[in-house]
Amino acid sequence: MTFRVESTDGAARAGVLQTAHGELRTPVFMPVGTKATVKMLDPDEVRDLGAEIVLCNTYHLSFRPGADLIAELGGLHRFMGWDGPILTDSGGYQVFSLRDTITKVDDDGVTFRSVYDGDEARFTPESVAEIQAKLGSDIAMCLDVCAPPGGTRSDLAEAVRLTTLWAGRQRQAPRAPGQLLFGIAQGATDPELRRRSVAEIVELDFDGHALGGLSVGEARDPMFETVADAAPLLPTDKPRYFMGIGDPEGILEVIERGVDIFDCVLPTRMGRTGTALTSTGRLNLKNARFTRDELPLDEHCDCPACSRFTRAYIRHLVNQQELLGLRLLTVHNVRFLLRLTTGAREAIENGKLATFKAETLDRLTMEAA
């Protein structure tokens with residue numbers, strides 16, 4: 001694994017991560033392709049919008065269509081027609097966020113009922129390593145325990161204990177050729193437990209490190225404080241991944257604190273519900289005030305939706321439940337976050353991240369035109 005930091009600005013870093021399917025320039029936002037597709041978008045569109053990596057979901061792909069079938073058909077890259085890097089999560093977040101489906105948690109793994117047919121299934125560190133090896137992703141994630149928001153301290157401590165135990169076992173499991181493995185630190189916003197988890201996971205010497213168990217419903221300020229405290233404890237020569245953040249403010253806040261990689265379903269989910277992310281705030285295109293609006297979604301955006309179509313037209317499509325409207329909003333939202341991340345990288349290289357962040361957030365707090 002090769003990761004090099006090329007520029008810094010305070011705690012923020014601009015780097016390059018080499019994977020089996022090409023380089024990633026960090027900071028980098030990963031569009032989420034849960035079921036081997038970024039919803040509404042063709043892989044070529046995803047690439048043209050500026051994406052360098054996508055995230056796919058081990059939980060869902062292990063059930064439909066199954067890791068064995070994907071392996072038989074040439075692996076995940078060939079199966080979904082994406083030739084760039086892919087990160088696969090372990091499925092741990094899905095299992096533990098669907099707590100009503102869990103029937104047993106022990107030192108060996110977790111037993112649960114599939115959301116597809118209710119059949120009993122079991123994940124262990126070894127089984128999720130095997131699934132991700134069959135998928136052939138460039139970056140695989142360790143199986144972890146994400147405690148529920150508002151859980152007791154004993155719940156958090158047990159999540160940390162099991163996450164470390166499972167990480168040590170998955171560290172020894174076979175991987176696909178060239179596949180990187182990232183460990184995950186838990187502990188929510190508890191300073192002592194977070195530091196303990198980071199120390200234990202770092203000791204196992206993974207290719208990269210993730211901060212998990214955040215952005216799951218806790219208050220924002222303690223979340224950002226946790227990142228500020230935890231990031232300096234991670235190795236400087238390895239990539240740092242914040243799992244599950246994708247709003248513009250959140251992206252800039254974690255970049256400023258030294259995070260390199262992040263993902264979220266936000267841009268695609270908002271697109272499918274009629275909402276655009278813009279440089280001056282969010283637009284609900286179902287709103288009647290856009291009925292005759294001839295402006296693009298965002299006058300500062302270069303995406304195909306903004307280059308060709310008006311807010312009035314996209315509102316018409318959305319309100320008539322035409323799929324093109326949802327596609328155009330998805331295209332725009334993904335491009336918006338990718339441009340934001342690229343802008344942050346350029347600002348780090350020029351030593352101007354604080355200015356870039358302040359100007360960006362000032363515009364975002366304006367009332368959308």
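Biologist: In which sense do β5 and strand β6 pair, and over how many bridges?
Modeller: β5 and β6 (residues 86–88) pair in the parallel sense over three bridges; strands are DSSP runs of E, at least two residues, numbered from the N terminus, and two strands pair if DSSP finds at least two bridges between them. This is a predicted model, where local features need pLDDT of at least 70, side-chain atom pairs count only at pLDDT 80 or more, and totals for chains, interfaces and linings use all residues. Residues are numbered from 1 along each chain as its sequence is written, and side-chain values use heavy atoms, without hydrogens and water.

Biologist: Which residue of β6 is the bridge partner of valine 54?
Modeller: Isoleucine 86 is the bridge partner of valine 54.

Biologist: What is the strand order of the open sheet?
Modeller: The eight strands run β4-β14-β13-β12-β11-β10-β6-β5, with parallel pairing. β4 (28–31) and β5 (54–56) stand at the edges with a single partner strand each, so one side of each has no neighbour in the sheet.

Biologist: Now the core. Which residues have the most contacts inside the largest nonpolar one?
Modeller: Leu76 and Phe123 do, in a core of 88 residues. Such a core is a set of buried Ala, Val, Leu, Ile, Met, Phe, Trp, Tyr and Cys residues joined through side-chain atoms within 4.5 Å, buried being under 20% relative accessible area (1.4 Å probe, protein chains only).

Conventions. Buried means under 20% relative accessible area, exposed over 50%, partly exposed in between (1.4 Å probe, protein chains only). Helices (H or I, at least four residues) and strands (E, at least two) are DSSP runs, numbered from the N terminus.
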